[in-house]
Amino acid sequence: MIAKYLIGYIATGISFALIDSVWLRTMYGRLYQPEIGDILYKGGFRMGPAIAFYLLYILGMMIFAVGPALHSGKWQTALVWGALLGFFCYMTYDLTSYAVLKTWSL
């Protein structure tokens, strides 16, 4: 049982890292640099907080999407709950940024 969730965590982590790296490489120059270039960390990124984010976000995906899908045996469960989790997390980020930053676009 534990092995199934460990494999799920690792597979989710690899998938998320690949998707997120494509997003960040594609959108850094299009979105982040023009919108918040003045406040971006000059060293690229801080490794510690980045690792903490990935470990915690993958855990969240396991709790709210992958775990329920493993329990139900239906991949559609992970798709629906994962999409909802992503929507709420990213809308929190985008709408908060839009609310408090001088330059942020929707």
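These legends describe the whole chain and then several close-up views of a predicted model.

Residues are numbered from 1 along each chain as its sequence is written. In this predicted model, local features need pLDDT of at least 70 and side-chain atom pairs count only at pLDDT 80 or more, while totals for chains, interfaces and linings use all residues; side-chain values use heavy atoms, with hydrogens and water left out.

Figure 1. Helices (H or I, at least four residues) and strands (E, at least two) are DSSP runs, numbered from the N terminus. Read from the N terminus, the order of elements is α-α-α. The C-alpha trace spans about 50 × 25 × 20 Å along its principal axes. Of the 106 residues in the protein chain, 25% are buried; buried means under 20% relative accessible area, exposed over 50%, and partly exposed in between (1.4 Å probe, protein chains only). The accessible surface is about 7,900 Å², and carbon and sulfur atoms hold 74% of that surface. Accessible areas come from the Shrake-Rupley method with a 1.4 Å probe, and for residues only the protein chains shown count as cover. Among contacts with a separation of 6 or more, 60% join residues 24 or more positions apart. Contact means heavy atoms within 4.5 Å.

**Figure 2. The largest nonpolar core has 6 residues.** A nonpolar core is a set of buried Ala, Val, Leu, Ile, Met, Phe, Trp, Tyr and Cys residues joined through side-chain atoms within 4.5 Å. The members here are M27, L31, Y32, I36, L40 and W104. With neighbours within four places in sequence left aside, L40 is in contact with Y28, Y32 and Q33. A second, separate core has 5 residues, including F16, Y57, M61 and L85.

**Figure 3. F16 and F53 form a tilted ring pair.** A pair of aromatic rings is described by the distance of the centres and the angle of the planes. Rings of Phe, Tyr and Trp (its six-membered ring) pair if their centres lie within 6.5 Å; planes under 30 degrees apart count as stacked, over 60 as edge-to-face and the rest as tilted. The whole structure holds 7 aromatic pairs. The ring centres of F16 and F53 are 6.3 Å apart and the planes stand at 50°, so this pair is tilted. F16 belongs to helix α1 (residues 2-36) and F53 to helix α2 (residues 47-72), so the pair ties together parts 37 residues apart in sequence. F16 is buried at 11% relative accessibility, whereas F53 is partly exposed at 35%. F16, F53, Y54 and Y57 make up one aromatic cluster.

**Figure 4. F87 and F88 form an edge-to-face ring pair.** The ring centres of F87 and F88 are 5.3 Å apart and the planes stand at 70°, so the pair is edge-to-face. F87 has a relative accessibility of 47% and counts as partly exposed. F88 has a relative accessible area of 51% and is exposed.

**Figure 5. G37 sits in the loop between α1 and α2.** The relative accessibility of G37 is 14%, so G37 counts as buried. Apart from neighbours within four places in sequence, G37 is in contact with Y32 and K42. From G37 to L59 the C-alpha distance is 30 Å, for 22 residues along the sequence.

**Figure 6. P34 is found in helix α1.** With a relative accessibility of 53%, P34 counts as exposed. P34 touches Y28 and G29, not counting residues up to four places away in sequence. The C-alpha atoms of P34 and I14 are 29 Å apart, and these residues are 20 positions apart along the chain.

**Figure 7. A69 and H71 both lie in helix α2.** A69 is buried, with a relative accessible area of 11%, whereas H71 is exposed at 69% relative accessibility. Leaving aside neighbours within four places in sequence, A69 is in contact with K74, T77 and A78. A69 and W81 are 12 residues apart in sequence, with 8.9 Å between their C-alpha atoms. H71 and Y90 are 19 residues apart in sequence, with 26 Å between their C-alpha atoms.
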